[in-house]
Amino acid sequence: MENKSMSIRHADLSPKIDLLVIQPTPFCNLDCDYCYLPNRSDTRKIKPDTLRQIFATVFESNLLSRQLGVVWHAGEPTTMPIGFYRDAFALAEQARPDNLILTHSIQTNAVLIDQAWCDFVLETGLQVGVSVDGPAFLHDRHRKTRSGAGTHARTLRGIGRLQDNGIDFHAICVLTRQSLEYPDEIFDFFADNDIGQIGFNIEEIEGANLNSTLAGNDTEVLLRRFFHRFLDLVKQHPGVLDVREFNDAMTAIAADQDTALYNHQVVPFGIVSVDADGNISTFSPELLGQFSDAYGNFIFGNVHQGGLADLEDSAVFQKVRREIEAGRSRCRKSCDYFGVCGGGAPSNKYFEHGRLDETETMYCRLTKMAVTDIIVADIEAELAQPDTASPAMAGGRSL
Ligand code: SF4
């Protein structure tokens, strides 16, 4: 899943669904070489009856939060026609309980964004994230068509359409080993193209992507150098770029001691993921449908065969929940970063170690740990300045 932001709230683990990930189709029009999706050539499409059943299953659950984000994901969402979403949003609206605040979002490669999509976004308030890896020489190295052509120009055209229509969006930039040498060029790309909100995802070992260019021994040094330089650039140009990783780290560090990061990836039903056939999973969305003998492809039920409460009876659900909780518990005992991480991403633990009850991963070393250290060092350096009037600033925000 591309947007990996987490939230701060009291760290109780009582189940509350705040994110529903629906796979309208597994199909993607591109073939990025670091993609984790195993079935991205599969053109299956979700059926209206399955959609109806998803909304009924989730909305009738007593685990529902008052706010629910619906993310249309796991395949390129814009390969489905606009009419599909118009009907789907109407189905959701018909089934929505009165007190539920519902938002819809997509993460897109933007190559199919045209005026009709912009009109639909403006009409419905659909939230948009665009995947773009910085300048063309970095983006086109990995984000390709099936025939191997780069997609940067087409992505930028889609971004231009969004901007011409005044549509606010965030960008997700995947960091590979090559990217780490170019913090200035990446910063300039986003600044020059007026893209003001970005999140960095690292190239993960996940699903179909069995190897990562970041897996080498020296990567951590390079990545810390990258984020260090990027933070300098953000601070030198206040108000230009809001970086999710810096903001999340600052928020987590600044939270008082009675609160901790609520990590919905380790909470059963914090996230509910449903594929195009109505199969249901929970915890990390990236787990759904990944091949696993031990965990039954992480499918715990189907919306056509019962409610969410029935999933809890499934032996594989209980095994997964037990092991994820064991991993979280070990993280809490052993890791200094638990308070800003909340126990990590089960998907990364599984794909890197083959187990869910693990602790440290490449993913958490290169994201949570590295960024937290850099932000803490920056705050300490600022506070050590004799005439510092206020604590550290990054992206125009103060702690
Ligand atoms: S070991 Fe990794 S996943 Fe576990 S709490 Fe620490 S940073 Fe998070």
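Author: Happy to. Let's begin with one unit of the sheet: strand S3, helix H2 (residues 82–95) and strand S4 form a right-handed β-α-β unit. Right-handed here means that, with the strands pointing away from the viewer, the path from the first strand over the helix to the second runs clockwise. Helices (H or I, at least four residues) and strands (E, at least two) are DSSP runs, numbered from the N terminus.

Two notes before going on. This is a predicted model, in which local features need pLDDT of at least 70 and side-chain atom pairs count only at pLDDT 80 or more, while totals for chains, interfaces and linings use all residues. Residues are numbered from 1 along each chain as its sequence is written.

Back to our strands. S3 and S4 (residues 101–108) are parallel partners, with six bridges between them; two strands pair if DSSP finds at least two bridges between them. One place to look is Leu-68, whose bridge partner in S4 is Leu-102.

On to strand S2 (residues 17–22), which runs parallel to S3 (residues 64–72) and is joined to it by five bridges. Here you can find Leu-19 opposite Gly-69 of S3. This pair also belongs to a right-handed β-α-β unit, in which helix H1 (residues 48–59) is the helix between S2 and S3.

Now step back to see the whole sheet. It is an open sheet of ten strands with mixed pairing, and its order is S8-S7-S6-S5-S4-S3-S2-S10-S11-S12. The edges are S8 and S12 (301–302), each of which pairs on one side only.

Let's follow the order towards S8. Strand S6 (residues 169–175) pairs with S7 in the parallel sense, over five bridges. Within this pairing, Cys-173 faces Phe-200 of S7. Once again there is a right-handed β-α-β unit, made by S6, helix H6 (residues 183–192) and S7.

How much of S7 is buried? Five of the six residues in S7 (residues 197–202) are buried, so the strand is mostly covered. A residue counts as buried if 20 or more other C-beta atoms lie within 10 Å of its own, exposed if 12 or fewer, and partly exposed in between, with C-beta atoms placed from the backbone.
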